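Keep the structure in view while reading.

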Amino acid sequence: MRQTFDIKGGPQDGRAHLPLLRKELTAMKLDGLYVPHDDEYQNEYLPDANERLAWVSGFTGSFGNAFIFTDRAVLFADGRYTIQAADQTDPDLFEIQGIPEPGAFGWLKMQDMTGKTIGYDPKLVSPNEVALLKQAAASAGAKLVAVAENPIDRAWADRPDQPSAPVVAHAVEYAGMEHAEKRALIGQSLKADRADAAVITSPASIAWAFNIRGGDVSCTPLPLGRAILRADGSADLFIDEAKVSDNLRTHLGNGVTVRPLPQLESALGDLRGKTVSVDPDIASAWFFDTLEAAGATVLRQRDPVALPKACKNAAEIAGTTQAHARDGVALTRFLHWLDTEAQSGKVTEIDAVMQLEAFREELNAMNDLSFPTISGAGPHGALPHYRVSTASNRVLERGSLFLVDSGGQYLDGTTDVTRTVPIGEASDDMRRHYTLVLKGHIALAAVRFPHGTTGTHLDVLARHALWQAGLDYQHGTGHGVGVYLGVHEGPHRIAKPWNAVPLAPGMIVSNEPGYYREGQYGIRIENLQYVTQPAPVSGGEIDMMGFECLTFAPLSRDLIVTNLLSDDERAWVDDYHARVRDLLSDKLDDGVKAWLKGACAPL
């Protein structure tokens with residue numbers, strides 16, 4: 001099995017490692033250090049060697065930061081991790097504060113740090129973040145300095161090695177375009193912006209632009225590296241050469257020069273006098289500092305790979321469609337298992353994770369999970385980002401709801417799907433809330449919209465039915481998804497906060513409204529869908545885009561209060577279930593096929 005359930009870290013890590021870090025701070029004449037969770041690559045999932053925040057504090061959550069002083073340590077974690085942060089840190093050593101209020105920088109502003117020197121690692125923070133950190137330090141009366149070597153790295157004696165998985169070519173049958181053509185198109189966009197080159201810092205962008213994949217990061221097939229891509233389409237790829245085979249060099253061809261990572265700094269220095277594009281949202285301050293010191297003109301703009309990567313081509317859409325159909329077989333077998341064996345009241349959250357993973361493994365096509373499975377029974381389902389452990393493992397009790405959010409990584413696509421099912425008899429409130437969430441899901445699935453529409457414009461559709469009932473959810477409605485890349489990608493998004501990137505044909509986005517009753521249950525319904533080409537609307541005047549569904553697995557028919565749905569909504573559910581039945585029935589054994597027929601019967 002790929003997923004583990006013993007959470008590393010804990011108070012013992014802080015007790016052992018905090019004194020080691022403070023010794024280094026004193027040696028470096030620092031009074032404090034800002035410690036973000038992010039690593040040099042801004043990865044969602046970090047290699048063990050880059051888990052600096054976990055090393056110093058014991059806190060292993062995926063989002064947070066800290067200030068470590070010689071006489072005080074403060075950890076900042078958001079609501080997802082309030083309990084985990086308290087459990088994993090020593091209260092005699094760490095204070096815990098919330099995100100977004102006050103947040104690390106808001107907290108620092110309110111402190112009296114007169115005369116103190118606070119260090120930060122410019123390779124771990126963006127220039128935008130540095131600007132906020134400087135403002136906060138100034139308000140507190142502190143001096144902020146960039147460190148050439150991270151004090152944690154100096155103190156971490158048994159630090160794991162950086163990952164060194166082989167980098168492999170990603171076949172053009174999946175990529176849909178040769179990497180030389182991709183690089184030429186990106187080069188043309190640089191010319192249009194009058195840039196000589198772009199520094200590509202995102203491993204996902206590098207994977208897409210060069211048609212390569214790796215294994216350096218869990219759940220995402222990324223090779224850790226950097227690239228300088230020029231306006232003529234040529235490129236330097238900076239990567240650990242131990243990962244590079246002769247076959248990969250052949251794949252990359254003469255237009256790409258493979259160089260060892262330690263040469264990156266000197267290569268940036270060679271860009272003196274050039275106009276260089278760098279993305280301030282994902283590149284660390286170190287890149288800007290290094291380029292500006294070298295005499296380059298830095299053009300702060302979005303990564304030129306991000307938008308082409310987000311707008312999937314025909315081969316990528318075809319591949320991810322196949323991946324989702326394959327994944328739907330495993331998921332449907334699992335939903336049948338939940339509706340039969342798991343109704344006993346004896347199955348645990350970990351049992352469910354292992355069973356779902358086993359069904360996916362039997363496909364003989366999954367290379368990895370796309371993220372650790374969220375398996376939330378009863379009140380754990382009310383924690384949107386809950387991760388089961390041996391310590392938290394809960395039985396799927398009768399009379400409760402079970403929420404499972406999961407996905408797989410396949411050569412031809414990345415899946416992400418959430419279903420909520422009843423264990424035993426559901427209450428009237430459970431059924432009503434499920435139906436309200438379903439109404440929002442349908443509204444977002446069925447909408448037509450014109451050119452220029454952003455995800456922010458559409459977000460209210462998924463919330464409307466909940467809002468009318470005085471309810472809401474506190475996460476985004478939709479995130480971008482890669483094709484055998486990250487399960488979360490930008491630049492588009494469907495959420496309340498403003499997103500300025502218009503939805504465009506080929507973009508894949510999740511549709512996942514939810515409702516969470518604290519301490520009782522959670523509900524989320526998630527499918528992936530992609531933006532279609534503009535097409536005429538009968539009787540209309542403007543061609544409209546829409547969404548085409550990628551995810552096919554039955555909804556929880558027993559949780560739907562039919563009289564709360566309009567005629568059009570009932571028709572949508574029946575049509576969706578008919579498509580599920582037609583797509584999957586012939587791929588299932590007789591027992592599951594018979595169950596699916598009932599699960600997809602018309603309302």
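Leu403 stands opposite Thr420, a residue of strand β20. The model is a predicted one. Strand β17 (residues 400-406) and β20 run antiparallel and are joined by seven bridges.

These two strands belong to an open sheet of three strands, in the order β16-β17-β20, with antiparallel pairing. β16 (374-377) and β20 (417-423) each have a single partner strand and stand at the edges, so one side of each has no neighbour in the sheet. On average, neighbouring strands here are turned by 10° against each other, with direction ignored. Helix α14 lies across β17 and β20, and runs at about 15° to β20.

## Two helices that pack together

Helix α14 (residues 314-339) also packs with helix α19 (residues 590-599). Their axes are 10 Å apart, and the packing angle is about 80°. Angles of 65 to 115 degrees count as roughly perpendicular, and α14 and α19 are therefore roughly perpendicular to each other.

On the α14 side, the contact is made by Thr332, Arg333, Leu335, His336 and Asp339. On the α19 side, Gly591, Val592, Trp595 and Leu596 take part. By type, the residues of this contact between α14 and α19 divide into four nonpolar, three polar and two charged.

## Nonpolar cores

In soluble globular proteins, nonpolar side chains tend to be buried together. The largest nonpolar core in this model has 72 residues. Those that touch the most other members are Phe334, Trp337, Leu338, Phe402, Leu438, Phe449 and Phe547. Helix α16 (residues 428-446) gives the most to this core, with eight residues.

Which residues does Phe547 contact, leaving aside its neighbours within four places in sequence? They include Leu444, Ala445, Val447, Phe449, Leu458 and Ile494. Leu503, Val509, Gln529, Tyr530, Val531 and Thr532 are also in contact with Phe547.

## A six-stranded sheet

An open sheet of six strands has mixed pairing and the order β12-β11-β10-β8-β13-β14. Its edge strands, β12 (256-259) and β14 (297-300), each pair on one side only. Neighbouring strands of this sheet are turned by 20° against each other on average, direction ignored. Strand β13 (residues 275-278) pairs with β14 in the parallel sense, over four bridges. Within this pair, Thr275 has Thr297 in β14 as its bridge partner.

Helix α8 (residues 179-192) packs on the sheet and touches β8 (197-200), β10 (225-230), β11 (235-239), β12 and β13. The direction of α8 makes about 65° with that of β10. Helix α12 (residues 285-294) packs on the sheet as well, touching β8, β10, β13 and β14. The direction of α12 makes about 150° with that of β14.

## A hairpin

Strand β24 (residues 514-517) pairs with β25 in the antiparallel sense over four bridges. Tyr515 has Ile523 in β25 as its bridge partner. The hairpin of β24 and β25 has three residues between the strands, and Gly519 in this hairpin takes a positive phi near 80°.

In a regular strand the side chains alternate between the two faces of the sheet. In strand β25 (residues 521-524), Tyr521 and Ile523 point one way, while Gly522 and Arg524 point the other way. All four of these residues are buried.

Note on methods: Residues are numbered from 1 along each chain as its sequence is written. This is a predicted model: local features need pLDDT of at least 70, side-chain atom pairs count only at pLDDT 80 or more; totals for chains, interfaces and linings use all residues. Side-chain values use heavy atoms; hydrogens and water are left out. Axes are lines fitted to C-alpha atoms, for helices over the stretch in contact, and angles run from 0 to 180 degrees between N-to-C directions. Angles under 35 degrees count as roughly parallel, over 145 as roughly antiparallel, 65 to 115 as roughly perpendicular and the rest as oblique. Contact means heavy atoms within 4.5 Å. Ala, Val, Leu, Ile, Met, Phe, Trp, Tyr, Cys and Pro count as nonpolar, Asp, Glu, Lys and Arg as charged, and the others, Gly among them, as polar. A nonpolar core is a set of buried Ala, Val, Leu, Ile, Met, Phe, Trp, Tyr and Cys residues joined through side-chain atoms within 4.5 Å. Buried means under 20% relative accessible area, exposed over 50%, partly exposed in between (1.4 Å probe, protein chains only). Two strands pair if DSSP finds at least two bridges between them.
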